[in-house]
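Subject: Structure for you to look at

Hello,

Here is the structure I promised you. Please open it and keep it beside this email while you read.

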Amino acid sequence: MNPEKNPELEKYMKREILALKPKGGIVRKASKLLQIPLEEAEMCYDTVRSGIHKAAAQRAWVYLLLGSLFFGVGLFATLAKTGLIFYGAIGIGGASIVTAAGLFIVALTKRG
């Protein structure tokens, strides 16, 4: 299937891939949601996945920048004994950095 035929399916696949969800779940849910055959959904997944590199890389850089900022602020505030302990900032920063790593993997791996 060509994604230009069904822009709704292409948008759904792109959103789910950038949310770092597994392929099997995305394909099955798209097949049920849009009432298309499983093979057609899988072909569209491969097509969208092969063209998503730039968007994934841009989103990964944003997550890495924000994650580093949060992590640094939280670590500095915790170690400087400012009276405010920002464990939440350390957690958010760490989670953002891990998400950026996943998005870099999506951006750098070739499919199809």
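Which residues have the most contacts inside the largest nonpolar core, and how many residues does that core have? Keep in mind that this is a predicted model. The core has 20 residues. Leu9, Met13, Ile17, Ile26 and Tyr45 have the most contacts inside it. Five helices contribute: helix 1, helix 2, helix 3 (38–50), helix 4 (53–79) and helix 5 each supply at least two residues. Helix 1 gives the largest share, with five residues.

**Helix 1 and helix 2**

Now look at how these two helices pack. Two packed helices are described by the angle between their axes and the distance between the axes. Here the axes of helix 1 and helix 2 come within 11 Å. They cross at roughly 150°. Angles over 145 degrees count as roughly antiparallel, so helix 1 is roughly antiparallel to helix 2. The crossing is right-handed.

Which residues meet there? From helix 1 come Glu8, Leu9, Tyr12, Met13, Glu16 and Ile17. From helix 2 come Ile26, Lys29, Ala30, Leu33 and Leu34.

Pick out Ile26. Setting aside neighbours within four places in sequence, Ile26 is in contact with Tyr12, Met13, Glu16, Ile17, Lys21 and Tyr45.

**Lys21**

Next, find the loop between helix 1 (7–18) and helix 2 (23–34). Lys21 lies in it. Is Lys21 buried, partly exposed or exposed? Its relative accessibility is 42%, so Lys21 counts as partly exposed. Not counting residues up to four places away in sequence, Lys21 touches Glu16 and Ile26. With Glu16, the side chains make a polar contact at 3.1 Å.

Lys21 and Ala107 are 86 residues apart along the chain. Their C-alpha atoms are separated by 14 Å.

**Ser96**

Last stop: helix 5 (residues 87–108), where Ser96 lies. Is Ser96 buried or exposed? Buried means under 20% relative accessible area. Ser96 has 13% relative accessibility, so it counts as buried. Leaving aside neighbours within four places in sequence, Ser96 is in contact with Tyr63 and Gly67.

**Where to start**

Then follow Lys21 to its polar contact with Glu16. Finish with Ser96 in helix 5.

Best wishes

Notes. Residues numbered from 1 in each chain as written. Predicted model: local features only at pLDDT ≥ 70, side-chain atom pairs only at ≥ 80, totals over all residues. Heavy atoms only, no water. Helix = DSSP H or I, 4+ residues; strand = E, 2+ residues; numbered from the N terminus. Buried < 20%, exposed > 50% of the residue type's maximum accessible area, 1.4 Å probe, protein only. Contact = heavy atoms within 4.5 Å. Polar contact = N/O pair within 3.5 Å; in protein donor to acceptor, adjacent residues only side chain to side chain. Core = buried A, V, L, I, M, F, W, Y, C linked by side-chain atoms within 4.5 Å. Axes fitted to C-alpha atoms, helices over the stretch in contact; angles between N-to-C directions. Parallel < 35°, antiparallel > 145°, perpendicular 65-115°, else oblique. Left-handed = near helix turned anticlockwise from the far one by under 90°.
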